[in-house]
Amino acid sequence: MESENVDHIGIVVENLENAINFYQEKFGMKVIDKEILEDRGLKVAFMIGKNGETALELLEPVNHEDLNNTIAKFLKNRGPGLHHIAIRVSNIEMSLKDLQNEGLTLIDKEPRKGARGHLVAFIHPKSSMGTLIELVQER
Ligand SMILES: C[C@@H](C(=O)O)C(=O)SCCNC(=O)CCNC(=O)[C@H](O)C(C)(C)COP(=O)(O)OP(=O)(O)OC[C@H]1O[C@@H](n2cnc3c(N)ncnc32)[C@H](O)[C@@H]1OP(=O)(O)O
């Protein structure tokens, strides 16, 4: 399959506003999008630097105590920090088929609507060298 670029790097945080201030004040990054993903129980912010190629996606669970929420569970088990990388592709359905044929384990067999209205799908970290990988197709 072909990748376009690293779309974003997902970082789990304890407190979204504190994390936004940190990346703004220390690294001069700016927020390009902030939303609450009701269906995922997440508050997210995307931040970029001056040239804006690859974004950071900061993720905080709406309810830290809900351990059915993957991000709340991650925060409890591993603490804040790097969570996933997202690779942008032009045809997500074809990329998923290719990766499945290559023997990777798909968490999402079908793409679904993710942040910023894009189509997204995740690959299991156990089949991708220990890193959770998200595919993203812009729409
Ligand atoms: C905003 C929106 C978007 O981007 O548009 C999103 O949905 S973003 C982000 C929120 N959505 C997601 O993350 C969806 C995809 N993620 C998932 O489905 C889940 O988090 C899994 C990756 C399947 C892990 O869930 P599970 O309940 O199995 O977790 P667990 O704590 O029992 O961990 C099982 C094993 O996976 C490892 N593990 C867990 N999370 C990991 C991560 N982020 N990166 C690498 N390894 C990870 C644990 O260390 C453990 O390894 P050991 O067995 O060796 O101890």
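What follows is a chat about a predicted model, covering its nonpolar core, its ligand and its salt bridges.

Q: Which residues make up the largest nonpolar core?
A: In this predicted model, the largest nonpolar core has 12 residues in all, namely Val12, Leu37, Leu42, Val44, Phe46, Ile48, Ala55, Leu59, Ile71, Phe74, Leu75 and Ala115.

Q: And which elements each supply at least two residues of this core?
A: Strand β3 (42–48), strand β4 (55–61) and helix α2 (70–78) each supply at least two residues, and β3 gives the most to this core, with 4 residues.

Q: What does Val12 touch, not counting residues up to four places away in sequence?
A: With those neighbours left out, Val12 is in contact with Leu59, Ile71, Phe74, Leu75, Pro80, Gly81 and His83; of these, Leu59, Ile71, Phe74 and Leu75 are also members of the largest nonpolar core.

Q: Switching to the ligand, how many residues surround the ligand, and which are the closest?
A: The ligand is surrounded by 24 residues, and the closest are Lys73, Arg78, Ala115, Lys126 and Glu134. Ala115 also belongs to the largest nonpolar core.

Q: What about His83, backbone or side chain?
A: His83 uses its backbone, where an N or O atom lies 3.0 Å from a nitrogen atom of the ligand. Taken alone, the ligand exposes 1,000 Å², of which the protein buries 72%.

Q: OK, salt bridges: how many does the count come to?
A: The count comes to 7 salt bridges. One of them joins Lys34 to Glu17, with the closest N and O atoms 2.8 Å apart, and this pair links distant parts of the chain, since Lys34 is in strand β2 (residues 30–37) and Glu17 in helix α1 (residues 16–27), 17 residues apart.

Q: How exposed are Lys34 and Glu17?
A: Lys34 is partly exposed, with a relative accessible area of 45%, and Glu17 also counts as partly exposed, at 38% relative accessibility.

Q: Where does the pair of Lys76 and Glu65 lie?
A: Lys76 forms a salt bridge with Glu65, the closest N and O atoms being 3.7 Å apart. Lys76 is in helix α2 and Glu65 in the loop between β4 and α2, so this pair ties together parts that are 11 residues apart in sequence. Lys76 is exposed, with a relative accessible area of 51%, and Glu65 counts as exposed at 59%.

Q: Is Arg88, which pairs with Glu138, buried or exposed?
A: Arg88 counts as buried because its relative accessibility is 17%, under the 20% cut-off, whereas Glu138 is partly exposed, with a relative accessible area of 45%. Their side chains meet in a salt bridge at 3.4 Å, N to O, which links Arg88 in strand β5 (residues 81–88) with Glu138 in the segment after β8, 50 residues apart.

Q: Which residues are linked in a network of salt bridges?
A: Asp7, Arg88, Arg116 and Glu138 are linked in such a network.

Q: Where is Arg116 found, and what is its phi?
A: Arg116 is found in the loop between β6 (112–113) and β7 (119–123), and its phi is positive, about 60°, although Arg116 is not a glycine.

Key: Residues are numbered from 1 along each chain as its sequence is written. This is a predicted model: local features need pLDDT of at least 70, side-chain atom pairs count only at pLDDT 80 or more; totals for chains, interfaces and linings use all residues. Side-chain values use heavy atoms; hydrogens and water are left out. A nonpolar core is a set of buried Ala, Val, Leu, Ile, Met, Phe, Trp, Tyr and Cys residues joined through side-chain atoms within 4.5 Å. Buried means under 20% relative accessible area, exposed over 50%, partly exposed in between (1.4 Å probe, protein chains only). Contact means heavy atoms within 4.5 Å. A residue is near a molecule or strand if one of its heavy atoms lies within 4 Å of it. A polar contact is a pair of N or O atoms within 3.5 Å; within protein, one must be able to donate a hydrogen and the other to accept it, and residues adjacent in sequence count only if both atoms are side-chain atoms. Accessible areas come from the Shrake-Rupley method with a 1.4 Å probe; for residues, only the protein chains shown count as cover. A salt bridge is a side-chain nitrogen of Lys or Arg within 4 Å of a carboxyl oxygen of Asp or Glu.
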